[in-house]
Amino acid sequence: MNVSAIIGELKFKAIRSSGAGGQHVNKVSSKVELYFNVVNSEGITDVEKLRITNRLASRINKSGDLILQCGDTRSQHRNKELVIRRFLDVIKSSLHVPNPRKATKPSKSSVRKRLENKKRQGLKKNNRKKPLL
């Protein structure tokens with residue numbers, strides 16, 4: 001993954017942010033939308049493209065664009081920085097390959113302790129019953 005090449009491929013669009021803000025919010029486009037075309041990207045390998053499209057299928061549209069938005073702050077420049085940082089985190093987390101789980105067996109002593117505890121609990125509950133006459 002070539003981060004500088006990927007950042008060069010990003011496209012941005014400024015849109016009006018929703019929410020409270022009075023007259024100012026109706027005039028200024030401070031929310032930033034980030035578009036990244038995963039399919040046609042030169043900064044990632046084919047294996048990485050496949051992994052990203054599988055992991056982020058719900059965020060990628062039919063034309064192959066990954067879309068992220070940020071309208072957290074009132075500054076368009078700050079929102080742009082935040083959305084780029086979010087984008088890089090999303091991409092890195094989608095490329096992370098988890099270690100395979102190694103199957104293990106419980107030790108004999110742990111099995112014995114568990115069964116003894118179950119017996120003790122059962123006896124405790126049995127002793128609460130009324131005695132048979």
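Glu33 has Gln69 in β3 as its bridge partner; strands here are DSSP runs of E with at least two residues, and helices are runs of H or I with at least four, both numbered from the N terminus. The model is a predicted one, so local features need pLDDT of at least 70 and side-chain atom pairs count only at pLDDT 80 or more, while totals for chains, interfaces and linings use all residues. Residues are numbered from 1 along each chain as its sequence is written, and side-chain values use heavy atoms, with hydrogens and water left out.

Now for the sheet itself. Three strands make up an open sheet, in the order β1-β2-β3, with antiparallel pairing. Two strands are taken to pair if DSSP finds at least two bridges between them. The edges are β1 and β3, each of which pairs on one side only. On average, neighbouring strands of this sheet are turned by 20 degrees against each other, direction ignored. Helix α3 packs on the sheet and touches β1, β2 and β3, and its direction makes about 135 degrees with that of β3. Contact here means heavy atoms within 4.5 Å. Angles run from 0 to 180 degrees between N-to-C directions, with axes being lines fitted to C-alpha atoms, for helices over the stretch in contact.

As for the individual pairings, β1 (residues 11-15) is joined to β2 by five bridges, and Ile15 has Lys31 in β2 as its bridge partner. Strand β2 (residues 31-37) is mostly covered, with five of its seven residues buried. Buried stands for under 20% relative accessible area, exposed for over 50%, and partly exposed for anything in between (1.4 Å probe, protein chains only).

The loop between β1 and β2 holds Ser17. This serine counts as buried because its relative accessibility is 16%. Setting aside neighbours within four places in sequence, Ser17 is in contact with Val25, Ser30, Lys31 and Gly71.

Glu9 belongs to helix α1 (residues 3-9) and is partly exposed, because its relative accessible area is 22%. Residues up to four places away in sequence aside, Glu9 touches Tyr35, Phe36, Ser41, Glu42 and Gly43. One of these, Ser41, is 32 residues from Glu9 along the chain, yet their C-alpha atoms are separated by 7.3 Å.

Next come the helices. Helix α2 (residues 46-55) and helix α3 (residues 76-95) have axes that come within 9 Å and cross at roughly 105 degrees. That makes α2 roughly perpendicular to α3, since angles of 65 to 115 degrees fall in that class, under 35 being roughly parallel, over 145 roughly antiparallel and the rest oblique. On the α2 side the residues involved are Glu48, Arg51, Ile52 and Arg55, which meet Ile91, Ser93, Ser94 and Leu95 in α3.

Lys80 lies over the face of Phe12, at 4.5 Å from the ring centre. For a charge to sit over a ring, NZ of Lys or CZ of Arg has to be within 6 Å of the ring centre and within 35 degrees of the ring normal.

Finally, Ser107 lies in the loop between α3 and α4 (108-126). With 38% relative accessibility, Ser107 counts as partly exposed. Ser107 and Arg78 are 29 residues apart in sequence and 54 Å apart in space, C-alpha to C-alpha.
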